[in-house]
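Trainee: I'd like to learn how to read a model like this one. Could you take me through it?

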Number of protein chains: 2
Amino acid sequence: MNVLIIGGVAAGTKVAAKLKRDNYHMQVTILTKGKDISYAGCGLPYYVGNVIENRKDLIVNTPESFSKLTGVEVITEVEVTKVNQNSKEVEALDLKNNETKTYTYDKLVIATGADPIKPPIDGVNLKGVYFMRTPEDAIKLRESIEAGEIKRAVVVGGGFIGLEVAENLAAQGVRVSVIDMAGQILPGFEPEIANYVENHLADHGIMTFTETKLEAILGDGKVEKVKTNRRSMKADAVILSIGIRPNTAFLADTGIQLAKNKAIVVNEYMETNIKDIYAVGDCAIVNNMLTEKEAYSPMGSSANIEGRILAHNLNGKKLSYKGVLGTAVVKLPELNIGKTGLTEDAAKAEGYDVATVVTVVDDKAHYYPGASNFIVKMIADKNTKKLLGLQLVGKGAVDKMIDIAAMAIALDATLENIKDLDLAYAPPFSTAIHPFSHTVNILLNKINGEIHSITPREYMEGKAESYKIIDASISPSIAAAPFVDLSKVHEELPQFKKDEKLLLVCTKGKRAYMLQKRLKNFGYTNTLVLEGGTTFNEISL
Amino acid sequence: MNVLIIGGVAAGTKVAAKLKRDNYHMQVTILTKGKDISYAGCGLPYYVGNVIENRKDLIVNTPESFSKLTGVEVITEVEVTKVNQNSKEVEALDLKNNETKTYTYDKLVIATGADPIKPPIDGVNLKGVYFMRTPEDAIKLRESIEAGEIKRAVVVGGGFIGLEVAENLAAQGVRVSVIDMAGQILPGFEPEIANYVENHLADHGIMTFTETKLEAILGDGKVEKVKTNRRSMKADAVILSIGIRPNTAFLADTGIQLAKNKAIVVNEYMETNIKDIYAVGDCAIVNNMLTEKEAYSPMGSSANIEGRILAHNLNGKKLSYKGVLGTAVVKLPELNIGKTGLTEDAAKAEGYDVATVVTVVDDKAHYYPGASNFIVKMIADKNTKKLLGLQLVGKGAVDKMIDIAAMAIALDATLENIKDLDLAYAPPFSTAIHPFSHTVNILLNKINGEIHSITPREYMEGKAESYKIIDASISPSIAAAPFVDLSKVHEELPQFKKDEKLLLVCTKGKRAYMLQKRLKNFGYTNTLVLEGGTTFNEISL
């Protein structure tokens with residue numbers, strides 16, 4: 001059998017290597033437009049920041065070494081221009097000599113990935129405009145930094161890659177601003193978490209400007225200024241990270257079904273709608289495991305899973321891919337952020353009766369050096385108590401919290417199933433009550449009516465406006481709010497009426513919760529705890 | 001209702017605080033033998049090592065602050081000597097004045113914990129003999145170190161606490177040896193993993209001696225030497241960490257059912273066999289979720305879960321505790337180790353048809369600074385493919401791997417369910433193919449006959465003796481073994497017969513696996529991959 005694979009970064013090489021490994025007598029050929037294959041796309045921002053020092057670390061395999069190791073034939077610098085599914089041939093342009101060549105196949109795998117979107121604006125081709133997609137992009141940008149050419153940079157696009165680049169530019173001493181035309185950075189994250197991250201980045205010298213659209217890049221021969229709908233910004237460099245577009249234009253005549261974003265629609269076996277044509281990686285669109293709707297997941301992790309499944313299936317198995325959960329994790333300066341599953345809004349849109357909670361929980365024993373907080377938002381269904389999503393920020397191991405949640409969601413867990421788990425505890429790693437379990441317990445308390453609280457989002461929306469703020473911290477910390485010391489509350493409080501609307505606010509939410517319980521014992525019926533306390537909320541009196 | 005709680009560290013204070021929180025009008029009293037309550041028992045070794053600098057950090061709450069905060073009455077320095085379940089009274093000795101007092105109850109909670117075992121040997125009361133159970137123990141030991149009195153120490157008992165103390169003593173510049181009468185350190189861990197840890201500790205200057213029984217402690221007024229069945233060792237201090245014994249002697253006349261180790265048997269509601277008497281924490285024995293047999297889990301984490309469940313039930317709910325998985329995690333010098341679920345032997349004893357694999361997998365992107373390996377042993381049932389256990393060592397986040405596995409086991413996952421999960425990936429946190437998924441895939445390959453391998457344990461047992469060792473590393477690295485470069489294998493190898501027994505060995509196991517697949521394509525039928533490669537195994541030719 002002759003398997004032809006178009007594209008050779010993550011998904012393409014994975015399919016190819018595994019095919020040959022399982023069946024060395026199969027003919028497997030990779031056609032790729034670039035000179036490199038199998039490079040570490042996710043590592044590029046860290047090369048910019050000199051966290052990854054050597055460019056050779058970006059290259060997992062050269063075409064030669066990959067070919068030798070696996071037995072796969074690799075043909076570089078050829079661009080496929082046309083697929084003829086009837087004759088089972090592809091036409092390709094050899095970029096080295098501009099000749100057109102024809103390659104035949106029994107099975108065709110499309111793994112062409114996606115290219116960065118280049119907006120049709122003035123100045124986009126100026127010197128000093130960068131993308132972050134190939135090793136060459138990262139190498140050029142770092143050379144320019146090291147040559148002292150970049151003092152100020154504007155990153156356009158506040159997604160994962162944009163922020164990773166911003167972090168690494170800042171680490172190199174570059175003054176960085178991030179602009180995004182959306183109402184928040186970090187698409188797919190809860191707006192209140194994105195807002196927290198924006199404040200955090202500002203504290204670390206990275207300014208973010210949302211609802212700010214790039215209109216033009218100005219400069220005489222090289223970038224000097226960025227023009228937006230809101231203001232102009234001086235810049236020596238612009239990094240465009242406004243999204244990617246699947247490389248599928250060459251399929252126009254094939255009748256291969258594409259999604260709205262031009263990604264190839266595949267079924268659970270990674271088959272397109274055309275016989276003997278398959279797609280994997282960033283050029284394909286997969287399934288969201290929870291919603292069973294299309295989900296675009298252009299991630300190295302998904303690419304590998306898809307590639308492995310497809311190789312199995314081309315070798316005669318029938319494995320299916322259940323899809324993604326929208327999991328992501330990003331490192332920022334002094335803060336990690338992660339998510340999995342549905343956001344509050346997405347869960348509502350799916351028809352769930354949604355309950356959410358925001359908690360501030362210790363990430364390890366409070367007395368252990370380096371201990372910090374996680375700020376966690378957990379999303380579940382009120383009726384079934386099914387866990388639907390988790391998002392969090394923190395200095396520590398947010399990836400652990402995400403992976404625990406991803407496993408639980410994938411296995412269709414309810415909060416009841418997972419509240420008393422025997423998770424790992426020792427002081428350097430976690431707390432005696434695991435931060436995950438702690439959050440599950442509080443959300444269950446909320447659903448069961450044992451805590452009456454208001455979410456940071458509801459607070460921001462003004463839903464506690466008719467409430468009087470009570471400072472329930474361990475010592476007075478909210479100016480102008482009456483302070484109530486829980487440890488002195490052993491009877492009714494003469495200063496408050498039993499039905500008075502009281503918003504109990506402390507640092508993290510825990511002491512306010514304890515005060516609410518205490519007051520309930522004395523007949524107070526209208527108290528609310530502010531979730532996330534002063535750690536997550538900006539209190540306005 | 002009058003709830004009397006005997007004991008006030010983790011479980012006792014948890015029950016008490018939650019009871020009062022939910023129902024402030026309930027009378028809740030803690031009786032405790034010591035002066036302290038609610039101390040950070042798991043932090044004590046880190047106080048010894050000065051990782052936790054201040055002794056006040058060991059005390060979560062004083063009796064006074066706890067009492068004020070929660071409304072619980074705390075009576076310290078009283079030792080309960082007798083329980084009369086008919087009159088619903090306990091008798092207690094007031095240690096301050098030696099008077100006997102009587103306390104009544106409606107509900108009695110036993111949370112007396114456990115005391116370190118003090119072996120009946122000569123010299124056990126000498127100055128310089130320490131335990132590691134109360135803040136006082138850790139404070140005394142550190143004072144002695146800081147006074148320059150301890151140059152050499154022997155830790156007796158190679159369990160978690162013994163090893164944590166050893167690590168912290170070594171960090172303080174003390175020469176430490178660990179002795180254990182068992183055949184391995186780390187009870188509950190796979191012997192081959194314990195063996196790896198023993199070698200690792202030796203490399204870091206901590207010598208471990210197994211099958212070494214403490215016979216006497218010798219010295220004139222203070223510790224000078226430790227006498228064992230194998231040798232004598234000079235020492236300025238001996239830390240006894242040979243296990244703990246539940247504090248249940250005072251229950252002798254009650255008819256309360258005790259387990260073999262004298263821990264109190266409770267049902268899923270934390271009820272003893274005597275009406276209105278409950279037990280939680282280190283004095284109780286719970287359930288193993290997998291085996292549904294008794295499991296002693298004297299951990300701060302279990303204590304908190306049990307305490308919370310009991311408080312709910314005393315307040316009229318009927319929550320049940322499904323039990324533990326035997327989860328644990330320990331930090332050692334430059335190495336973390338963790339486990340959850342059943343060991344290979346325990347799984348066999350339960351009647352499972354056991355499959356195991358040992359993998360060496362990257363813990364984060366190989367090019368990211370600080371990247372290292374996990375060495376993982378995964379245990380599953382061949383027939384159902386149910387995940388049964390996971391153990392691992394590594395410099396990185398072993399706790400993450402353990403928590404993912406604990407969640408999967410608790411939710412009764414099969415390897416098939418969890419092989420393609422959308423776990424968190426970015427270079428600073430993980431690898432594109434998650435180390436957990438990677439291990440699941442390899443174990444599935446093994447069960448499905450796609451890899452033929454031998455485990456490190458089988459190798460140690462001599463099960464590859466009739467095989468010829470082939471060095472399948474990237475460059476020759478096993479002296480005297482023929483080297484085969486995978487990247488040059490494109491046809492049959494004239495030097496080997498097709499049915500020759502070949503043991504393929506590389507650094508981690510991966511390249512050997514690829515070579516096996518390649519050779520299979522050329523008709524070789526008798527190759528085996530050595531799991532864990534030279535990273536985990538000591539190769540003998």
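Predicted model: local features only at pLDDT ≥ 70, side-chain atom pairs only at ≥ 80, totals over all residues.

Trainee: How many bridges join strand S14 of chain B to S15(B)?

Mentor: Strands here are DSSP runs of E, at least two residues long, and helices are runs of H or I with at least four, numbered from the N terminus. Two strands pair if DSSP finds at least two bridges between them. S14 (residues 225-228) and S15 of chain B run antiparallel and are joined by three bridges. Residues are numbered from 1 along each chain as its sequence is written, with chains lettered from A and ligands numbered from 1 in the order in which they are written.

Trainee: What is the strand order in that open sheet of chain B?

Mentor: The order is S13-S14-S15, with antiparallel pairing. S13 (214-218) and S15 (232-234) of chain B are the edge strands, each pairing on one side only.

Trainee: Which residues of helix H3 of chain A are buried?

Mentor: A residue counts as buried with 20 or more other C-beta atoms within 10 Å of its own, exposed with 12 or fewer, and partly exposed in between, with C-beta atoms placed from the backbone. In H3 (residues 63-70) of chain A, the buried ones are Pro63(A), Phe66(A), Leu69(A) and Thr70(A).

Trainee: And what comes just after H3(A)?

Mentor: Gly71(A), which takes a positive phi of about 85°.
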